[in-house]
Structures are given as structure tokens and as C-alpha cells.
Amino acid sequence: MSKAPRIDQLFSGPGARADRWRNLVESAEAWAGGSGNRAAFEAALTEMTATEEFHAYPGHKLLAVLRNSAAADDAQGAASLARRITRALLNRSFRLSAGDWETDEDAEGATADVLPPTLGRAEARRPYFEVLIVTGTPASRWPALATEWRRLRRPLDQFVYEPVIVGSFEDAFCATLLNADLAAVIIHEGFAYRSRHDAPILRSLVEAADQKQTTQASALQLAQVLKRVRPELDLYLVSNGAVEETAGDPKARAVRQVFYAVEELLELHLAILEGVQDRYETPFFDNLKKYAQRPIGTFHALPIARGKSVFKSDWIRDMGEFYGVNLFLAESSATTGGLDSMLEPTGNIKRAQEKAARALGADRAYFVTNGTSTSNKMAVQALVAPGDIVLVDRNCHKSHHYGMVLGGGQPLYVEAFPLTAYSMYGAVPLRTIKQALLNLKADGRLDRAKMLDLTNCTFDGHIYNTRRVMEECLAIKPDLIFLWDEAWFGFARFSPFLRPRTAMGAANAIEDWMQDPKSVEAYEKQQKELGSKPSDETLLKTRLIPDPRKIRLRVYQTNSTHKSMSAIRQGSMLSVKDVEFHTVEAQFKEAVFTHASTSPNQQLIASLDVSRRQMELEGYGLVHNAIEVALGIRQAVAQHPLISKYFSIVGADKMVPVEFRESGFTDYLDGKTNWATARRSLHEDEFCLDPTRMTLVCGTAGYDGTQFKGMLANRYNIQVNKTSRNSVLVQSNINNTRSDIAHLIRVLVEISSEIEERLAKGGPNVRAEFDARVKSLMTDVPDLPNFSHFHDAFRKDAGKRSNEGDMRTAFYAAYNAAGCEYIPLRDKEIDRRLKEGPDLVSASFVIPYPPGFPIMVPGQVITRETIDFMRKLDVKEIHGYDAAEGLKLVSTEALAKLAGKAPKRAA
Ligand SMILES: Cc1ncc(COP(=O)(O)O)c(C=O)c1O
């Protein structure tokens with residue numbers, strides 16, 4: 001029998017729960033078949049009891065029947081019921097089927113008050129959720145209490161829910177963490193602190209609550225802790241005493257409504273439904289559905305709207321049949337008649353955006369229908385004027401570079417740490433960023449530094465300590481703007497572990513910190529310690545505290561909603577938390593007008609609205625599942641004797657150099673890793689690894705990334721994300737199931753077996769060829785070239801100590817065809833010029849895929865390292881480089897002319 005995963009193991013979620021149930025079934029069947037025994041079954045059941053109480057299903061009654069079957073020595077009965085419950089949990093049928101809740105006696109005709117009365121009926125397919133009730137009422141009263149709650153259900157209710165009752169702070173916290181079906185929590189004053197179960201499992205979970213050593217907690221404290229874990233939940237507080245005082249407490253902000261104990265239960269029931277309805281409502285989508293039902297005559301462009309030209313046609317009707325009629329009924333280019341304008345929203349798009357802002361923890365959010373490529377360009381254009389300096393990771397997405405070309409911002413490239421072995425870059429160390437700011441300060445040019453622009457998480461999964469980065473930068477420049485490109489990381493908002501590492505998660509934490517009087521004390525204490533003239537080295541070594549009175553918090557976050565949530569391709573959101581937004585709002589509108597299409601796609605907007613609904617109502621469980629799937633894949637690859645011979649998934653210990661893992665965290669698969677150690681790492685470490693992004697090394701199997709990606713797609717219908725020289729990136733998301741893990745693992749076994757057989761039967765030549773190929777892919781890896789510097793012609797107003805440049809002028813220099821020259825990459829002239837000069841200066845962006853970052857930008861002086869790297873590259877797709885013509889350079893004469901011109905500066 002396989003060992004069931006412990007619940008305190010990291011991110012053990014819905015899948016692990018199903019495994020424990022399957023284990024229980026195996027134990028019951030072994031007992032019934034004679035190879036096991038009752039004691040083993042009872043022990044397994046007892047171990048599950050504490051955490052099963054955190055779920056409505058199977059509930060006290062069915063669990064009691066299981067225990068009774070064991071006590072009555074009825075192995076068959078126990079096995080049968082355990083099987084039934086496991087099946088209902090696996091396919092989640094208990095949300096719809098009344099039969100799943102019945103005991104055999106109920107089925108024989110006894111009335112069962114435990115059954116949700118509306119479950120099972122065809123017309124009653126209402127969304128299902130669970131409500132956690134935290135109470136001081138003795139456990140013996142809980143079944144009666146649950147019955148009282150169920151009696152409140154009315155046919156009119158839009159949703160149906162089941163109560164889950166607990167009696168302590170610890171249990172409430174663990175239930176909130178483990179039960180993804182919860183949508184609301186009712187906290188009655190007067191509950192205990194300690195769990196009624198003495199389970200070490202719970203202790204380790206509670207450690208993650210970050211609750212100071214105490215054995216007491218008030219209802220408001222519990223509300224605050226739960227809000228931190230799952231901000232999307234509606235919390236209701238039921239007070240026995242002075243409700244007015246409770247409601248007036250600033251901590252009560254975490255609570256949706258405060259009730260007085262003796263008041264009507266029905267009011268609370270209605271409030272719960274209304275709270276869920278508020279998240280369920282999708283203003284744009286709801287209206288679009290209504291619009292599609294109306295008989296509308298269209299006399300504007302977009303003949304496809306209403307679909308008549310499609311469905312009447314002999315020639316294109318198949319498109320209509322393929323997509324279905326609603327696609328066309330819901331098409332319109334109008335912004336009236338109940339529809340709203342994306343460019344100037346005042347109605348349901350505005351309301352949908354406000355809800356998205358709430359869900360993402362932002363002050364405002366913008367829907368963008370041309371991908372995060374556009375969101376980034378909008379943010380760069382709106383916030384940066386020509387001549388402003390932007391500290392930016394050279395490996396960021398091309399939209400940032402192009403944003404600066406268009407807007408005239410001057411990039412000051414800060415280098416990420418390299419992971420040469422895998423031909424990829426990590427993220428930019430904070431020390432490098434601080435050094436760049438201190439250099440600007442030393443040159444007296446800190447006022448020109450407008451923005452820090454970073455990718456979080458990176459393509460390969462490096463997550464910044466967003467809070468620490470912002471705090472330390474704000475200590476040097478209190479009004480620095482932050483643009484965090486979280487194209488890949490939108491889902492992180494819905495995991496309590498990852499959320500603090502998102503831009504908005506950190507911005508909210510900094511905002512809270514600014515309100516705390518202790519923050520000024522901490523700042524002043526550090527200032528005293530640093531003295532009046534601290535050296536750069538001291539400032540680089542110290543974890544700097546900003547002055548909370550001076551900070552102007554300005555944070556922007558972009559998410560490709562289509563990359564990690566249920567939006568249609570190109571659906572993106574731009575979130576804002578900026579105390580100075582009023583000063584840039586007009587510019588922001590201009591940026592929207594510049595980049596947004598005047599014909600935004602209706603389905604896309606609707607899908608952004610619906611993605612928000614989904615994440616607010618089930619995002620927590622879905623993200624949990626995606627992480628669990630990723631850990632399942634990591635584990636299966638590492639443990640399989642054949643797969644692990646040829647393939648591996650790079651762990652956090654190899655993806656993040658040890659100096660950036662201050663907490664001592666090694667990897668998710670380390671046996672010592674649990675919720676608490678992972679939380680510590682996410683809290684303290686400079687960089688963490690997003691567990692859902694898996695670098696699968698295939699070079700050790702003799703395949704380069706592109707080859708392997710092609711093979712997975714063509715032979716096995718498996719699509720993976722980006723590739724590097726010797727790896728592919730496998731990503732799990734909210735769509736994945738455990739069957740996907742099984743498919744991938746089966747395929748890896750098949751490929752490994754083929755290699756094994758080829759090597760076994762091929763003789764020494766095949767072996768030698770394989771070894772040589774592996775060596776070439778794994779050890780003969782080209783060094784990654786750092787950014788060199790801009791040519792002096794583009795640095796006329798640059799500082800002495802920093803490397804920013806006027807990339808826009810360099811970019812437009814290439815528009816003068818006569819001012820450009822081409823030299824083939826392998827021409828000896830390149831080597832001669834590298835040795836003797838004059839400088840080779842790139843006229844364009846050159847971006848090889850993979851790795852996907854620009855190895856040359858316009859105006860950059862090309863060095864030996866860059867040429868060596870390019871010559872070693874064996875990829876076919878290199879944007880900005882035409883092999884037939886050669887490298888496109890700004891000619892020496894053009895450079896001389898440009899150097900002579902007066903520099904253009906921002907007004
Ligand atoms: C870091 C990063 N930012 C932005 C983008 C662009 O996003 P979109 O495809 O939504 O335009 C990508 C795309 O891969 C990306 O990797």
C-alpha cells in the first residue's frame with residue numbers, strides 16, 4: 001500500500017486528501033480480504049478525523065457510520081462506504097447528488113435531516129459552497145446547529161451551502177487553509193484558542209498563521225488572520241456584547257458585517273448569499289448575455305454581428321456551426337445599448353474593472369485586450385517621459401524595451417544572475433539595483449531615476465522579494481515608481497504563500513506598515529546606527545528601512561490573465577496602487593488611447609470579467625491544485641528509476657544560488673520542507689522559485705530543448721512552454737489534473753525506455769555518440785553575454801557611474817539606411833574590428849529564441865562575448881538578425897555625426 005501524504009506536507013491539498021481516502025479504502029479492502037486488519041483501518045481513520053472535520057462532506061454522520069462499522073467488525077460495510085465517499089470526493093458529485101450524503105439506513109427510507117434539501121434535483125443545480133462557523137458552543141450541539149442552518153434554505157436562494165463547524169482559533173485557521181470550498185466564515189465570539197484535537201499536524205499548519213506565541217485570540221484577531229490567508233472570503237462577526245464597539249474597531253475592516261448574537265439567523269443567511277452574489281456578479285458578461293438575447297438591428301460596421309451573413313452563407317457556415325450562434329449574437333461594435341466603452345468606461349466595464357481591482361488588491365485595474373505586451377507599453381508610456389531613467393532588467397520582455405523606444409525613457413540595464421549551465425538568466429540581485437541607485441546619487445542624478453521595471457516571476461520561475469526590493473529602494477529614493485511585469489504570476493494573488501511576493505501583495509503590506517507608529521521608530525533607530533555618512537558598502541549590506549513619512553507608494557502590476565487564469569488569449573490586466581495617480585491619470589488615458597484598439601473584442605472583455613469571478617470564488621483551490629500537480633510531477637520525475645536516469649527537474653537549490661536563500665530553504669522535495677519552512681522561505685529569501693514552473697532538463701537524454709519540445713508535441717500531443725539549450729519549461733496551471741501528470745510521466749518513461757534500448761543494443765559507437773551529444777548540450781554551454789554599454793554617441797547626457805543610454809535615438813538611427821552597415825557574423829572583419837576598432841554598434845534589437853532576451857539593443861557596443869555567444873547559438877529563430885545580410889550596425893560615419901549633435905533632453 002502506498003503511504004498517504006501527510007497533511008502538514010507542503011501544499012498537500014485536494015489531491016492529497018483524495019489519496020488519504022484511497023488509502024483508507026485499500027486498508028478496508030485489505031481487512032475485508034484477510035491481508036489487513038481492523039486496527040490498521042481504525043488507525044488510518046483516526047489519523048484523518050481531525051482534518052476531515054474541516055469539510056462538510058462526508059460529515060459527522062457518515063464518519064460516525066464508518067467508525068461504527070469498524071466497531072461492529074463489519075469490514076465489508078466499512079469498505080463499501082469508504083469506497084462510496086472516496087468516489088464522491090474524487091468526482092465532487094457530493095455537491096449535486098443527495099445520495100452521496102445518505103447512509104444505508106437513510107437509503108432504506110429513514111428521513112435524513114443532514115441532506116442538503118435541494119441537492120440532487122435537476123432544477124437545483126445551484127453553485128455550491130461551504131461556510132465555516134467558528135463557535136464556543138460545545139461540540140455535542142454542533143449537529144443540531146448544522147440542522148438549524150440547513151433549515152434556512154429557501155427555493156429562492158441562488159446558491160446552496162453547507163455549514164462546517166469548528167470550536168477554536170487553531171481549527172478555524174486550519175480549516176481555512178485546507179477547505180477550498182469555503183466562501184464565507186461566521187465568527188462567534190467566545191471560541192477556544194487550542195484545537196480539541198492534539199494533532200501535531202495541526203501545530204505545524206498553525207505555525208504558518210504567524211500568530212505570536214499566545215493561547216488566546218479574539219474574534220477580531222481571528223478575522224485579521226483569516227483575511228490575510230484568504231482575502232476573498234466574506235467574514236461575519238457575531239458579537240454577544242457591545243457590537244457598536246466591535247464594529248468601530250479599526251480591525252473590523254477585515255469583516256464584512258457585524259451581527260448581534262440574538263438577531264435573526266435569516267439575516268445572516270441572506271448576508272452570506274449576498275456576499276457570494278457580489279463576487280458571482282460579472283457586470284460586463286451578465287449584460288452581454290442579455291444583449292445577445294435582444295432582437296437588435298445593426299446598421300454599423302461588423303457585419304458578423306448577429307451572424308446572419310455567416311449562417312446564411314453556403315461558404316462560411318461551418319465557422320458559425322463551429323463556434324456556435326452566441327458568438328455572433330454577442331458581437332457588436334456599439335458602446336451604447338447597455339454595452340460600455342473600453343476606452344472611456346462609465347458603465348458595466350467600469351464596474352467590472354472595479355471588481356477586478358478588489359480581487360487583485362489594487363486601487364484600480366484596467367482591462368487590456370492586446371495582451372500584457374500592451375499593458376507594459378501603456379505603463380511605460382504613461383509614467384516615463386523622454387530622458388527619464390528606468391532601471392530595468394535587460395532580460396525583460398521586449399514590450400518594455402519597445403516602450404522605452406517609443407517613449408524616450410533611457411534604460412539603465414541591471415544584470416540578472418546567470419544560470420549558465422541551463423543557458424538562462426535568473427533575476428536581478430537587490431544589491432545590483434541598490435548599487436545602481438547609489439551610483440546615480442553619487443553623480444547627483446537620482447532625480448532622473450523614475451522607475452524600477454522588473455519581471456516577477458521570470459519566465460523560468462524566479463520570484464522577487466517584492467516587499468524588500470521596494471522598501472530598500474524607497475529608502476534610497478522615496479518616490480521611485482515600480483512596474484512589476486507579472487505576466488506569468490497573476491494566479492499568485494490567490495495563494496496565501498505566493499501573494500506576499502506579488503506587487504500588490506507587497507504594496508498592501510507596505511501600506512499597512514506605513515500606518516504603524518513603530519515603523520517610524522524602526523526607521524529612526526536605523527538612521528542612528530548608520531550615522532550621518534554611511535559608506536556605499538554599509539548601505540549595500542544593510543537591509544534598509546525607508547522613512548514611512550516620506551514614501552510615495554507608486555506600484556504598477558501587469559498580468560496576462562490569459563496565461564494563468566480563464567481569460568481568452570490576449571486578455572490582460574493592469575493594476576495600480578499609486579498615491580500620485582491623480583497626477584498621471586491624464587497621461588494614463590493618453591497611453592490607453594495610444595495603444596488600445598478602438599474595436600476591443602467583446603468575448604475577451606467578458607472572459608476577463610469571468611476570470612475575476614472564478615478566481616474570487618474558487619481561485620484558492622485551483623491554484624492549490626496547480627501547485628500540487630507541479631509537486632507531483634517533480635516528485636514523480638525524481639523518484640522514477642528510469643526517468644531519473646535521463647531527465648531531471650531543476651530544484652530551487654540549483655535555480656536559486658545559495659546566497660539568495662537566507663532561510664536555508666533547499667527544495668520543495670526536501671523531506672524537511674513543510675508549510676512552515678516554505679512560508680519562511682517565501683517571507684525571508686531574496687529569491688524563491690515558483691513551484692509551478694518546472695525546468696525539465698532534457699540535455700542529459702541527448703535532446704536539445706527545441707528538439708525535445710517538437711518531439712513532445714508531434715509524437716505525444718504534449719505542449720510545453722519555452723525551451724533553453726538543454727531544457728524545456730513545463731508549467732502547471734489551474735487547468736491541469738492528475739491525469740495530465742500521469743500522461744507526462746508515461747511519456748517520459750516511454751522516451752527513457754527507448755534511449756535505454758538504443759544504448760543497450762547499439763554498441764560502443766552509439767554510446768560514444770550519445771555521451772558526446774550529452775556533453776555538448778550539458779557542458780559546452782556558451783557563456784551568457786552581459787550588457788556591455790551604449791556607445792558614447794547615445795550617452796551624451798549620461799552619468800559617469802551608470803550605463804543608461806538614449807536607446808530611442810539609436811533605434812531611429814537605423815531608419816537612415818545610408819547610416820547603416822552590415823557585416824556577416826562569421827566575417828573576419830568582425831574579429832578585426834573587435835580588436836582594432838572602430839566599435840561595432842548594433843542598430844537593432846537582436847533577440848534569439850531561445851533564450852528570448854535581447855543580446856543586442858540599439859546603440860549597444862558589441863563585445864567579443866556577444867559575438868562568441870551568437871556564433872555558438874544553434875537556434876533558427878533570431879529576431880532582428882538576417883543571416884544572409886549579417887549584423888546590422890550603425891556606421892562609424894553616422895555615429896560621428898550623431899556624436900556631434902546637441903543632445904535632446906526632456907523638458
Ligand atoms: C515577462 C513577460 N511579459 C509580458 C509578456 C507578454 O504578454 P502577452 O502575451 O500577454 O502579450 C510575456 C509573454 O511571454 C512575458 O513573458
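**Entry 1: one histidine.** I started with His-269, which I found in helix H11 (residues 265-280). Helices here (H or I, at least four residues) and strands (E, at least two) are DSSP runs, numbered from the N terminus. Before going on, I noted that this is a predicted model, where local features need pLDDT of at least 70 and side-chain atom pairs count only at pLDDT 80 or more, while totals for chains, interfaces and linings use all residues. Residues are numbered from 1 along each chain as its sequence is written, and side-chain values use heavy atoms, with hydrogens and water left out.

Is His-269 buried or exposed? His-269 is buried, as its relative accessible area is 1%. The cut-offs are under 20% relative accessible area for buried and over 50% for exposed, with partly exposed in between (1.4 Å probe, protein chains only).

I then listed what His-269 touches, leaving aside neighbours within four places in sequence: Trp-149, Leu-152, Arg-153, Arg-154, Asp-157 and Tyr-161. Contact means heavy atoms within 4.5 Å. Trp-149 is 120 residues from His-269 in sequence, yet their C-alpha atoms are 8.2 Å apart in space.

**Entry 2: the ligand.** Which residues are around the ligand? I got Gly-371, Thr-372, Ser-373, Asn-376, His-397, Thr-455, Asp-485, Ala-487, Trp-488, Ser-560, His-562 and Lys-563, where near means that a heavy atom of the residue lies within 4 Å. Ser-373 has a side-chain N or O atom 2.6 Å from a ligand oxygen. Thr-372 uses a backbone N or O atom instead, 2.8 Å from an oxygen of the ligand. For His-562, a polar side-chain atom lies 2.8 Å from a ligand oxygen.

Entry 3: The largest nonpolar core has 174 residues, and Leu-66 and Leu-887 touch the most other members. Such a core is a set of buried Ala, Val, Leu, Ile, Met, Phe, Trp, Tyr and Cys residues joined through side-chain atoms within 4.5 Å. Helix H26 (residues 602-639) gives this core its largest share, 9 residues.

Next I checked helix H20 (residues 466-476), which is largely enclosed by the rest of the structure because 9 of its 11 residues are buried. Among them I noted Arg-468, Glu-471 and Glu-472, along with Val-469 and Leu-474.

Entry 4: I found a cis peptide bond from Asn-456 to Cys-457, with omega near -5°. Cys-457 lies in the loop between strand E11 (449-455) and strand E12 (462-464). Another cis bond runs from Gly-837 to Pro-838, with omega near -5°, and Pro-838 is in the loop between helix H34 (828-836) and strand E21 (847-849).

Asn-717 is not a glycine, but its phi is positive, near 55°. Asn-717 sits in the loop between helix H30 (705-716) and strand E19 (727-731), and is exposed, with a relative accessible area of 71%.

Definitions and conventions
A polar contact is a pair of N or O atoms within 3.5 Å; within protein, one must be able to donate a hydrogen and the other to accept it, and residues adjacent in sequence count only if both atoms are side-chain atoms.
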